[in-house]
Amino acid sequence: MSKRVLTTESGAPVADNQNSASAGVGGPLLLQDQHLLEKLARFNRERIPERVVHARGSGAYGHFTVTDDVSDLTSAAFLNTVGKRTELFTRFSTVADNLGGADAVRDPRGFAVKFYTEEGNYDLVGNNTPVFFIKDPLKFPDFIHSQKRDPFTGKQEPDNVWDFWAHAPEATHQVTWLMGDRGIPASYRHMNGYGSHTYQWTNAAGDAFFVKYHFKTNQGIRSLSAEQGQELAGKDANSHQTDLLQAIERGVHPSWTLYVQVMPAAEADGYRFNPFDLTKVWPHADYPLRRVGRLVLDRNPDNVFAEVEQAAFSPNNFVPGIGPSPDKMLQGRLFAYADAHRYRLGVNHTQLAVNAPRATTADNYGRDGLMAANAQPRDEKNYEPNSYGGPAETGTPLSAPLAVHGHTGTHEAPAHSKDDHFFQAGELYRLMSEEERARLVANIAGGLSQVSREDVIEKNLAHFHAADPEYGKRVEAAVQALREG
Ligand code: HEM
């Protein structure tokens with residue numbers, strides 16, 4: 001093998017990579033030392049803005065195989081035949097901390113999947129929790145400010161975390177979930193994933209269904225206690241990254257079984273609570289799980305920056321047969337992600353290998369911009385319509401239209417008979433064993449007792465009381481004991 005020659009970025013050979021050029025022996029350095037200047041300048045530009053949320057994460061490639069016929073529900077081509085296999089990329093993440101944060105912390109986990117389908121990329125950007133803290137995207141920046149590092153103290157502040165929740169009674173269900181046993185997954189392999197929002201599926205006949213996605217881990221759910229999490233996070237900040245990487249390198253390929261809950265579109269208006277409310281689950285007794293297929297992860301990315309840091313998942317990347325519901329949170333997300341990508345990665349991020357379609361080709365009139373890599377042939381027109389056989393619209397909407405009525409305005413979601421904030425939080429509490437309840441109460445009290453203002457504590461306690469009187473009493477007693485002790 002011939003010896004490889006070190007070159008500058010423009011390909012010229014480098015004579016010395018150990019000593020920078022100076023004016024005489026021991027003298028100051030020379031502006032003409034292109035190699036030094038380029039090396040330092042490039043190094044200064046290695047980091048890009050981290051994700052404003054979900055900054056810390058791990059990625060892996062894999063595939064999805066359809067195991068059950070769902071063609072009565074959706075016309076999506078990648079789901080239309082039992083046995084069909086679609087390549088994919090996933091990224092798991094924590095939410096609140098910055099890029100250098102620890103993995104084994106109490107936080108929801110992102111569960112983002114990019115299916116490289118023959119009809120374009122389908123991104124399902126979910127979490128390991130079936131619900132969320134809020135129901136209107138207008139609150140998202142405030143919510144995240146309250147959970148991330150405080151601009152003055154530079155660390156997460158119980159005062160901010162709980163003050164936000166004091167003003168968000170709708171968060172009680174998700175707070176109960178987060179403070180419970182599943183709040184610290186033992187690894188990314190040992191947690192479920194959920195689409196969380198309600199989405200819309202449309203079949204070939206044009207019938208519309210509302211669906212919720214559930215990826216159930218085939219490794220079994222495993223979680224860490226607060227103490228185990230603290231110890232692991234302190235010892236090894238990269239615990240979940242290492243676990244996923246090593247499992248796949250060893251050939252132990254993690255898998256999840258995908259199920260959907262399906263509501264015929266006509267049932268949405270009359271359901272007892274708003275089926276588009278992201279703070280609620282649909283009881284399985286109402287809408288049982290229907291199996292769809294199996295997701296397997298079998299390949300690690302070669303380069304974390306290129307493939308994981310630059311991965312761009314966007315909930316508005318739909319394919320024919322799949323579309324949004326009117327969930328306001330989802331609607332807000334349809335804007336937010338691609339906007340974040342244009343800021344974080346630039347307008348041509350869709351040309352990066354991890355983000356570009358793989359089973360089809362993007363063919364449109366989007367042109368140029370910073371770092372445009374895909375050059376169009378000279379006879380391709382850059383306008384539409386044209387007389388030269390350029391790509392043209394299909395005239396077929398991707399999914400069924402959503403019904404609307406009334407006037408524009410800053411409306412609350414339409415009221416259903418059982419829309420209260422606390423009912424499902426209470427149900428989750430009552431489902432727990434005595435040991436689980438004790439750990440839940442201790443975890444909440446551990447955080448809430450650190451809050452400096454009595455009124456903020458009182459408001460939070462009122463939410464737990466409203467969910468279940470026993471739950472409220474126990475949290476109150478535990479907070480009091482910690483504050484007195
Ligand atoms: C209105 C509410 C929300 C807004 C405005 C929002 C916004 C964002 C933004 C701007 C990012 C960073 C994207 C990037 O730079 O690549 C992000 C990441 C993410 N969000 Fe949200 N988010 C919201 C709610 C949610 C919900 C409800 C879920 C889960 C059901 C979720 C799951 C994720 C995941 C998994 C990522 C990381 C994706 C990745 O791995 O690259 N978000 N979010």
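View 1. H54 is found in the loop that runs between α1 (34–44) and β1 (57–66); helices (H or I, at least four residues) and strands (E, at least two) are DSSP runs numbered from the N terminus. The structure is a predicted model, in which local features need pLDDT of at least 70, side-chain atom pairs count only at pLDDT 80 or more, and totals for chains, interfaces and linings use all residues. Residue numbers start from 1 along each chain as its sequence is written. H54 has a phi near 60°, a positive value in a residue other than glycine. Most residues other than glycine have a negative phi, and most peptide bonds are trans.

**View 2. Cis peptide bond at P385.** E384 and P385 are joined by a cis peptide bond, with omega about 0°. P385 lies in the loop between α8 and α9 (423–431).

**View 3. Packing of α2 with α3.** The axes of helix α2 (residues 140–147) and helix α3 (residues 158–166) cross at roughly 150° and come within 7 Å; axes are lines fitted to C-alpha atoms, for helices over the stretch in contact, and angles run from 0 to 180 degrees between N-to-C directions. From α2, D142, F143, S146 and Q147 meet N160, V161, D163 and F164 of α3. The residues of this contact divide into 3 nonpolar, 3 polar and 2 charged. Two residues are in contact if their C-beta atoms, placed from the backbone, lie within 7 Å.

View 4. The chain is divided into domain 1 (1–21 + 33–46), domain 2 (57–133 + 183–351) and domain 3 (423–484), with bounds from an automatic or database domain assignment. The centres of domain 2 and domain 3, taken over C-alpha atoms, are separated by 30 Å. Their contact takes 5 residues from domain 2 and 4 residues from domain 3. On the side of domain 2 that touches domain 3, the residues comprise 2 nonpolar, 2 polar and 1 charged.

Technical notes
Nonpolar A, V, L, I, M, F, W, Y, C, P; charged D, E, K, R; others polar.
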